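Colleague: I'm new to this one. Can you walk me through it?
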Amino acid sequence: MPSVPLFPLGTALLPGARLPLQIFEERYVELLRHIIDSEGQESGFGVVGIRHGWEVGDQITALHEIGCWATLDRVIELTDGLYLATAHGTRRFRLDAVDAEAGTPWTTGIVEWLEDRDDDPDRAAREAAQLTLAVESHCRAAGLATPDAPRDARGLAWWAAEAVDLDRGDRQRLLETPGTADRLALVRRMVQRETGLASRLGVEGIRDAAPPNLN
């Protein structure tokens with residue numbers, strides 16, 4: 001199993017999503033330089049959500065098991081030791097262990113790459129159609145323009161999460177769902193929940209309401 005650099009964050013990165021970062025901790029500055037100096041041999045880092053703890057300093061006590069690989073797109077040095085970077089999510093992985101023997105200043109993890117389970121394409125197609133309609137309905141209720149939807153069912157779930165701006169708990173649940181049809185069904189329920197909140201509370205009150213359990 002591969003050993004990869006990790007960037008623990010207080011959010012869940014999804015495939016296809018854009019990730020802006022402000023980087024100033026020395027270990028992550030060193031990671032950026034390592035990626036740049038590798039001249040294409042290293043493309044990015046694994047993003048894992050922090051289950052318990054904080055992003056800054058050595059205050060992380062637990063990480064989520066499922067994360068997403070971030071491919072680095074651009075790095076800008078603002079001042080000495082302060083960088084702006086952008087990356088985008090590509091593929092999911094399972095964090096099997098933190099590699100304590102890596103000898104790197106940044107966290108390194110032993111991971112397993114995950115593939116989607118597409119065992120019911122007909123159901124996935126039905127769920128994709130229903131999800132597209134649900135996102136359109138949500139955008140109307142929230143007074144937003146509907147972004148263009150991707151054609152493939154796999155990408156549609158990630159697109160919907162971005163279009164509705166789901167919170168990190170919802171995003172982590174989507175990231176942990178292995179099947180395309182199941183993930184589409186789950187995000188559809190999340191979108192419908194957000195639409196109900198928009199209708200009852202108005203757009204300004206959506207973010208102040210606690211979401212109900214979808215199990």
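Colleague: Is Phe 7 buried or exposed?
Modeller: Phe 7 is buried, with a relative accessible area of 7%. Buried means under 20% relative accessible area, exposed over 50%, and partly exposed in between, with a 1.4 Å probe and protein chains only. A word on the source: this is a predicted model, where local features need pLDDT of at least 70, side-chain atom pairs count only at pLDDT 80 or more, and totals for chains, interfaces and linings use all residues. Residues are numbered from 1 along each chain as its sequence is written, and side-chain values use heavy atoms, with hydrogens and water left out.

Colleague: How many aromatic pairs are there?
Modeller: Four aromatic pairs. Rings of Phe, Tyr and Trp (its six-membered ring) pair if their centres lie within 6.5 Å; planes under 30 degrees apart count as stacked, over 60 as edge-to-face and the rest as tilted. One of them is Phe 7 with Tyr 28, which is stacked at 4.2 Å centre to centre and 15° between the planes.

Colleague: Which elements hold Phe 7 and Tyr 28?
Modeller: Phe 7 lies in strand S1 and Tyr 28 in helix H1 (residues 26–37), so the pair ties together parts 21 residues apart in sequence. Helices (H or I, at least four residues) and strands (E, at least two) are DSSP runs, numbered from the N terminus. Tyr 28 counts as buried too, at 4% relative accessibility.

Colleague: And what about Phe 7 and Phe 45?
Modeller: Phe 7 and Phe 45 form a tilted pair, 5.4 Å centre to centre with 45° between the planes. Phe 7 is in strand S1 and Phe 45 in strand S3, 38 residues apart. Ring pairs link Phe 7, Tyr 28 and Phe 45 into a cluster.

Colleague: Why is S3 largely enclosed?
Modeller: Strand S3 (residues 44–52) has seven of its nine residues buried, so the rest of the structure largely encloses it.

Colleague: What does S3 pair with in the parallel sense?
Modeller: Strand S1 (residues 3–9), over four bridges. Two strands pair if DSSP finds at least two bridges between them. The bridge partner of Leu 6 is Gly 46 in S3.

Colleague: Which strands does S3 pair with in the antiparallel sense?
Modeller: S3 pairs that way with strand S5 (residues 66–79) over four bridges, where Phe 45 stands opposite Ala 70. S3 also pairs with strand S4 (residues 62–63) over two bridges. There, Ile 50 stands opposite Leu 63.

Colleague: Is Cys 68 buried or exposed?
Modeller: Cys 68 is buried, with a relative accessible area of 0%. Cys 139 is buried as well, at 0%.
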